[in-house]
Amino acid sequence: MNGKKIYIIIFSISIIGLAVVQYQYLRIGLNLAKVQFNQKMGLAVNDIKEELENSNELTFLVGKAITEDDTFFKLSIDSVQDASSYFMNDFLKGKLLQQGIKKEFTYTLYAKDSTDYLKSPRSYNNEEALLRYPIPLEGYLPSLIKKRLVLELQFKNLNKYFLFQLNGLTIPSLLFIIAIIFVIIWVLKSFYWQKKLITITNEFINNLTHELKTPVFSIGIASKILQEKTKAENRELVDMIRRQVDKLKNQIDKVLELASLEGKKNFIEKKVMDFKPVIVNLINDFEQLAALEKFSFTSEIKGSPYIINCDPYHLENAINSLLDNAKKYSIEKIKIILLVFKEDNNLIISIKDNGIGISDDDKKKVFDKYFRVGNGDVHNVKGYGLGLNYVQRIVKLHKGKISVKSTLGKGSEFIMNLPLHKNEKQ
Ligand code: ADP
């Protein structure tokens, strides 16, 4: 799984987690709001019950309405009933408000024998979703009609009401979650945009150095041939061309090595490919150089293809570094051998020289950054002590291993061990 997928999965899980936590908080909030509402209702119900027990203006009017007694008022019984319905409504509204309940409600005053006596001025059509609070009445009104009377308060859409009360919590937390999502998406986008930019830059550097290497190599070879054949008067000029071409070649090699120095992993771009043609090319070039510089170079490449998951530019450059070192750290009768073969699902690349060799102590350090063997005789050769460190990093990034065998004064052998791609059969 690549990094991008992991980040997106973690991000999605976190956002879902946050939403679930918010949902749970909301549920707890709703439950608390319900408990609080019931407490308030309990107080309001007690109050209502107490006040309706005795004879007062309201119970007197309601009494007339439910007994259909129009003798006291000079009004029709319908008007008396209407008026008492409104009075009762205002009375209940006032009692609820006293407890801080601002929710709309309806009510019914009915007897246990299911006769409705009084209804609120407005009523709900859909009776299912109603939350009911029946209040059994005592005292004045039941004794008037000699029946057990119940005043029932009904509320609709209580959840909506509670949610509205919790809006102060839900809306900001929703806004914050949306803000977090936006910011994270923006950060991820710019992160991947930058990563893409780095990849493009690396690809550009790799391509450019590769493209530069070929003409520089040809100019180098041509100038070497010229050096041998040119007249004495032009020799200085040709020498200058050679020196500058060598410098240029070193600089180009360094560009690739320096790209790896920044400590980033993604400076290489791997692909599954046959590496054999790259090695064959590299051997051809080195053979030309050996012929010109008159040193011995032999190679043996066994088996094919060499399917590996690699960055061909950097891997080729790493092998070149080892070949360069073999040449650099040899004094006379230079003899370099390159062996390439497959063994136990690995591609083995060995570069052997008969040069100055490395002591046992130094062998442990040659792959360290900036390390150079501190021997006066040796360091007439220029270098920064970066080459082998670069080679080791490249080999590790290809999930391979590098080792060195060396005897001081006799020569060295650097061995690269690269895993073949799993689809390749021996
Ligand atoms: P540089 O060549 O720039 O000094 P390297 O990292 O390539 O840096 O090598 C580190 C040191 O290891 C060299 O300075 C040299 O002393 C030693 N070394 C590398 N390759 C060889 C070799 N083939 N034979 C002997 N010594 C070597």
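Modeller: A polar contact here is a pair of N or O atoms within 3.5 Å; within protein, one must be able to donate a hydrogen and the other to accept it, and residues adjacent in sequence count only if both atoms are side-chain atoms. This is a predicted model, in which local features need pLDDT of at least 70 and side-chain atom pairs count only at pLDDT 80 or more, while totals for chains, interfaces and linings use all residues. Residues are numbered from 1 along each chain as its sequence is written, and side-chain values use heavy atoms, with hydrogens and water left out.

An oxygen atom of the ligand lies 3.3 Å from a polar backbone atom of Gly-387, and for a polar backbone atom of Leu-388 the distance to an oxygen atom of the ligand is 2.7 Å. From the side chain of Asn-325, a polar atom comes to 2.8 Å from an oxygen atom of the ligand. Of the 530 Å² of accessible area that the ligand has on its own, the protein covers 98% (Shrake-Rupley method, 1.4 Å probe).

The elements that give two or more residues to the shell are α8 (312–328), α10 (387–397) and β11 (411–419), with α8 giving the most, three residues; helices (H or I, at least four residues) and strands (E, at least two) are DSSP runs, numbered from the N terminus. Altogether 21 residues surround the ligand, and Asn-325, Tyr-329, Asp-353, Arg-372 and Leu-388 are the closest, where a residue counts if one of its heavy atoms lies within 4 Å.
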